[in-house]
Amino acid sequence: MRLLNEMRLDFPAIPENEAFARVVVSGFMLPLNPTLEQLADVKTAVSEAVTNAIIHGYAGRRGTVRLHGACTEDGVLYIDVIDRGRGIADVERARQPFYTTDQGEERSGMGFTVMESFMDRVEVKSAVGEGTTVRLVKQVDLREEALPRHA
Amino acid sequence: MFSYELKRGTLTVCLMGELDHSMAARVRSEIDPLIDASGVRRLVFDVGRLEFMDSSGIGLIIGRYKRLSRRGGSVAVAGPDARIDKLFRMCGVYQVVERLA
């Protein structure tokens with residue numbers, strides 16, 4: 001499917017950039033005519049993925065988070081959130097509701113569950129010591145002219 | 001952004017703007033010493049003026065519930081909009097936290 005638009009953004013893994021990432025993605029998806037609810041869905045999912053990269057991937061160490069976004073002609077938004085941090089040993093387990101590695105009492109363990117609820121598809125690729133890529137996919141533009149034509 | 005008021009053992013925290021990991025950490029570091037020092041029995045999070053919340057907000061609320069319930073205190077939330085209400089339901093918040101209005 002032909003790309004309408006594409007972007008790459010690298011930023012340091014600091015909490016202040018969670019809000020920045022949400023604003024960037026909101027702006028990027030505007031050409032897909034999102035509803036307010038779709039905007040909020042994507043902002044929430046991106047916030048979860050970027051927060052995971054910062055607090056779990058890099059766990060307080062310096063590092064770079066990359067956002068790679070694409071909008072396709074058929075109205076689909078793709079956002080990859082990429083870190084080169086610790087990686088996840090057991091992705092299936094990490095995706096379970098309430099699973100958290102946090103020993104304190106501050107993380108709900110619901111990050112992936114929230115992403116899955118608000119996006120159409122969530123793909124996770126991870127390798128210990130190499131990092132994690134979370135791909136968030138959502139059909140945003142639901143107008144007839146945007147949807148793929150069926151013969 | 002947030003403000004709070006302590007009155008007769010009830011701490012009401014009014015949250016405004018965007019409640020993410022960054023803001024949750026700031027709220028926590030300010031209210032936890034107050035909770036511990038002043039014998040708060042009830043904590044109310046007023047979420048009616050929030051424009052955004054992710055699961056960091058759930059962590060903040062459930063974390064404070066654990067802290068207060070250990071000494072017989074309780075936590076409530078007030079004013080969630082439809083979106084925040086959905087997030088609360090999804091994460092089982094209402095199993096331990098009362099919803100006001």
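A residue counts as buried when its relative accessible area is under 20%, as exposed when it is over 50%, and as partly exposed in between, using a 1.4 Å probe and protein chains only. As for disulfides (a pair of cysteine sulfur atoms within 2.5 Å), a search over all chains turns up zero.

Before going on, some ground rules: this is a predicted model, where local features need pLDDT of at least 70 and side-chain atom pairs count only at pLDDT 80 or more, while totals for chains, interfaces and linings use all residues. Residues are numbered from 1 along each chain as its sequence is written, chains are lettered from A and ligands numbered from 1 in the order in which they are written, and side-chain values use heavy atoms, with hydrogens and water left out.

The axes of α1(B), residues 21-38, and α2(B), residues 55-69, come within 9 Å and cross at roughly 15°. Axes here are lines fitted to C-alpha atoms, for helices over the stretch in contact, with angles from 0 to 180 degrees between N-to-C directions. Angles under 35 degrees count as roughly parallel, over 145 as roughly antiparallel, 65 to 115 as roughly perpendicular, and the rest as oblique. So α1(B) and α2(B) are roughly parallel to each other. Contact means heavy atoms within 4.5 Å, and the residues of α1(B) that meet α2(B) include B:Ile31 and B:Ile35, while B:Leu60 and B:Leu68 are among those on the α2(B) side.

B:Ser55 also belongs to helix α2 of chain B, and this serine is buried, with a relative accessible area of 1%. Leaving aside neighbours within four places in sequence, B:Ser55 touches residues of chain A: A:Glu48, A:Arg107, A:Ser108, A:Met110, A:Gly111 and A:Val114.

Over in chain A, the axes of α1(A) (residues 16-29) and α2(A) (residues 36-57) come within 9 Å as well, but cross at roughly 140°, so this pair is oblique. Among the residues of α1(A) that meet α2(A) are A:Val25 and A:Met29, with A:Val46 and A:Val50 among those in α2(A).

Last stop: A:Gly87, in the loop between β3 (76-83) and α3 (91-94) of chain A. A:Gly87 is partly exposed, at 22%. Beyond its neighbours within four places in sequence, A:Gly87 contacts A:Ser126, A:Ala127, A:Val128, A:Gly129, A:Gly131 and A:Thr132.

How values were computed:
Helices (H or I, at least four residues) and strands (E, at least two) are DSSP runs, numbered from the N terminus.
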